Amino acid sequence: MEKKNIDWANLGFSYIQTDFRFVANYKNGAWDEGALTEDANVVINECACVLQYAQTVFEGMKAYTTADGRIVTFRPDLNGERMEQSAKRLEMPVFPKDKFVEAVLKTIRANEAYVPPYGSGATLYVRPFLFGSNSVIGVKPAEEYQFRVFTTPVGPYFKGGVKPLTIRVSDFDRAAPRGTGHIKAGLNYAMSLYAIMDAHKQGYDENMYLDASTRTKVEETGGANFLFVTKDGKVVTPKSDSILPSITRRSLMQVAREYLGLEAEEREVYADELKDFAECGLCGTAAVISPVGKVVNHGNEICFPSGMNQMGPVTQKLYDTLTGIQMGTIKAPEGWVVEV
Ligand SMILES: *Cc1c(COP(=O)(O)O)cnc(C)c1O
């Protein structure tokens, strides 16, 4: 397979159109077979439910080349399961997870020329999504839906080395208790745009959101879960019903226990405890872990001992182990690395 002529190492994180995408339609109560198409545009009515009432959910994953030259993706079954949960919460028909995985693999295969080579640091980002496509003016779920999967090559996350982030405790809330924080819906992102632009204006990389009801507990950022390391080397992640269940975070917790022999605990984390942690990181598909060097809580600066120049030692081990598993240099648990 001839690769596209792309400067992989200098790619950013922006949309580059690739050759094929998968499209399936739901009509009269059933999904059609779906197929690959070269048409990157979606034509829908001006009154489509997704445009008026934001009835849409999505997933994010990546395909990459392992050390021994295989094209793989990471735990796609969990993305499929999560999209089922997201769809149910927004009254959308489920796109079954086995069909989801099949569609993802098919789309990656069709765009093989865009899967970056091993060692480039770049990956092929995969974006499955689902939206209500027919016209709806009275508030109700759509009757027709489209499921699509497209891919776009993205560059190395840590270009020019790792730079720990500075984040602020946000005065905005991300998710209501018993709301939609636990599903991957576009609506959670629409309402975070103001807060992230404001954070950037004030010189911060990200917002740390607290629980909306008491504003005392750490939840997550706009698009990544937190991991903390205590001074005695225990890995801790916040537990809450309004956090998006990150596949990266769940994998890292298992890596901590089973590969590194660390204690790993999911529990409520209070903003007051931040000063007691040794390390902090953000986890998600894009970066695996981005280290956080500093949290600013209304003028009170909390600087983690790991500093502003590198990942903390435990964060680094977690990162190296999970990326080693993904790249095929460390033996993966059954089913984690799926060959395309
Ligand atoms: C997608 C997402 C994450 C990260 O999830 P992964 O499955 O690890 O990519 C975390 N938080 C939010 C709000 C997200 O939308």
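How many residues surround the ligand, and which are the closest? In this predicted model, 15 residues surround the ligand, and the closest are Lys184, Tyr189, Ser246, Thr248 and Thr285.

**View 1. The ligand sits in the largest pocket.** Here we look at the ligand and the shell around it. Lys184 and Tyr189 are among the closest residues.

**View 2. Threonine 248, isoleucine 247 and alanine 224 each place an atom by the ligand.** Start with threonine 248, where a polar side-chain atom lies 2.6 Å from an oxygen atom of the ligand. With isoleucine 247 it's the backbone that takes part: one of its N or O atoms lies 2.9 Å from a ligand oxygen. Alanine 224 also uses a backbone N or O atom, which lies 3.4 Å from a nitrogen atom of the ligand. As for cover, the ligand taken alone exposes 380 Å², and the protein buries 96% of that.

View 3. A disulfide is a covalent bond between the sulfur atoms of two cysteines. Cysteine 47 is buried, with a relative accessible area of 17%.

**View 4. Cysteine 280 is buried too, at a relative accessible area of 2%.** Its sulfur is 9.3 Å from the closest cysteine sulfur, the one in cysteine 283, and that's too far for a bond. Across the structure, the disulfide count is zero.

Definitions and conventions:
Residues are numbered from 1 along each chain as its sequence is written. This is a predicted model: local features need pLDDT of at least 70, side-chain atom pairs count only at pLDDT 80 or more; totals for chains, interfaces and linings use all residues. Side-chain values use heavy atoms; hydrogens and water are left out. A residue is near a molecule or strand if one of its heavy atoms lies within 4 Å of it. A polar contact is a pair of N or O atoms within 3.5 Å; within protein, one must be able to donate a hydrogen and the other to accept it, and residues adjacent in sequence count only if both atoms are side-chain atoms. Accessible areas come from the Shrake-Rupley method with a 1.4 Å probe; for residues, only the protein chains shown count as cover. On a 1 Å grid over the protein atoms alone, a cavity is a set of points where a 1.4 Å probe fits but cannot get out, and a pocket is an open set with protein on both sides within 12 Å along at least five of seven lines; lining residues have an atom within 4 Å of a point. A molecule sits in a cavity or pocket if more than half of its atoms lie within 2 Å of its grid points. A disulfide is a pair of cysteine sulfur atoms within 2.5 Å. Buried means under 20% relative accessible area, exposed over 50%, partly exposed in between (1.4 Å probe, protein chains only).
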